[in-house]
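Welcome, and thanks for taking a look at this protein with us. Please have the structure open as you go through the briefing.

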Amino acid sequence: MTNDALSEDVRKGVSSPACEPVSSSEKTEVLGNSASSESPVASAESAVSGAASKIAAASPRGLLHGARGRSVVVFSFVAIVWLAFDMLTKAFFNTFEVGELIGGPYLGLFEFRLVHNTGAAWGMFGDSTFALGVLSVVVCAMLIAFLLLVDPPLNSVCTVGLALVFAGGVGNAIDRFSQAYVVDFINATFIDFPVFNIADIGVTCGFALLFVGFFIAERASSARDEERS
């Protein structure tokens, strides 16, 4: 091969597409492809970071900040006060004889009469006090989890309602495990209704407050959505 032929081949090789310099747009495309290939890793890191944030928010330190912290404080105060009221009244009325009329009737509405209840309302699940106690504990644990994990945090009305339901459940569970019966002493005289106690009042009123609180929260959320649209 002559020198002229070699020179011609070299010029063709230099000017071939394989040897052309990479343009800036091509560099950007290559970098973009590299970034997209790493996107699953970035997504995983983002998911882990989000989970860590939620765990930190649910930690004892995180629970004492912001709206959730206020909910925890209100819940604790209401639950402790109502549980103490329930236990004190039960201790007092349980000093009388079972079936004894302790007071009343008052205004023809109710009287105080001691009853030891080994089942549920209206005699249902008689002699199932231990199983009902376990059920109460499970429900109360679910209420605590709901308070700590629900997003956004509960409003004040829902928080008070949840605390009353929790206190009522714990109060009756303590009776079932410690005495194998629940101390009931409030007897409605104007209707045929089971004898009940302060814990039962807390559960009933608590569910009513939860319903009202969720309704208020839904109305507030709808109003915010209308303002944004």
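The points below cover confidence, a sheet, a helix pair and aromatic contacts.

This is a predicted model, and the mean pLDDT of the protein chain is 80. In the chain, 70% of the residues reach a pLDDT of 70 or more. Three strands make up an open sheet, while helices H5 and H7 cross at roughly 35°.

**Confidence**

- Over residues 13-20, pLDDT stays under 50, and the model has three contacts there beyond four places in sequence.
- Residues 30-38 also have pLDDT under 50, with zero contacts beyond four places in sequence.
- A friendly caution: where pLDDT is low, the predicted coordinates should not be read in detail.

**The sheet**

- The strands run in the order E1-E2-E3, with antiparallel pairing.
- Strand E1 (101-106) and strand E3 (182-188) are the edge strands, and each pairs on one side only.
- From one strand to the next, the twist averages 35°.
- E1 and E2 are paired over three bridges in the antiparallel sense, and Gly 103 stands opposite Phe 112 in E2.
- Three residues lie between E1 and E2 in their hairpin, and in this turn Leu 107 has a positive phi of about 55°.
- Strand E2 (residues 110-117) pairs with E3 over six bridges, again in the antiparallel sense; His 116 stands opposite Val 183 in E3.

**Helices H5 and H7**

- Helix H5 (residues 66-93) and helix H7 (residues 156-179) have axes that come within 8 Å.
- The crossing of H5 past H7 is right-handed.
- The contact of H5 with H7 has 15 nonpolar, four polar and three charged residues.
- On the H5 side, the residues that meet H7 include Val 74, Phe 75, Trp 82, Leu 83, Asp 86 and Lys 90.
- On the H7 side, those that meet H5 include Leu 162, Phe 166, Val 170, Gly 171, Asn 172 and Asp 175.

**Aromatic pairs**

- The count of aromatic pairs comes to 13.
- One of them joins Phe 146 and Phe 214 edge-to-face, at 6.4 Å centre to centre and with 70° between the planes.
- Phe 146 sits in helix H6 (residues 129-149) and Phe 214 in helix H8 (residues 198-228), so this pair ties together parts that are 68 residues apart in sequence.

Definitions and conventions. Residues numbered from 1 in each chain as written. Predicted model: local features only at pLDDT ≥ 70, side-chain atom pairs only at ≥ 80, totals over all residues. Heavy atoms only, no water. Axes fitted to C-alpha atoms, helices over the stretch in contact; angles between N-to-C directions. Helix = DSSP H or I, 4+ residues; strand = E, 2+ residues; numbered from the N terminus. Left-handed = near helix turned anticlockwise from the far one by under 90°. Contact = heavy atoms within 4.5 Å. Nonpolar A, V, L, I, M, F, W, Y, C, P; charged D, E, K, R; others polar. pLDDT = per-residue confidence, 0-100. Pairing = 2+ DSSP bridges. Phe/Tyr/Trp six-rings, centres within 6.5 Å; stacked < 30°, edge-to-face > 60°.
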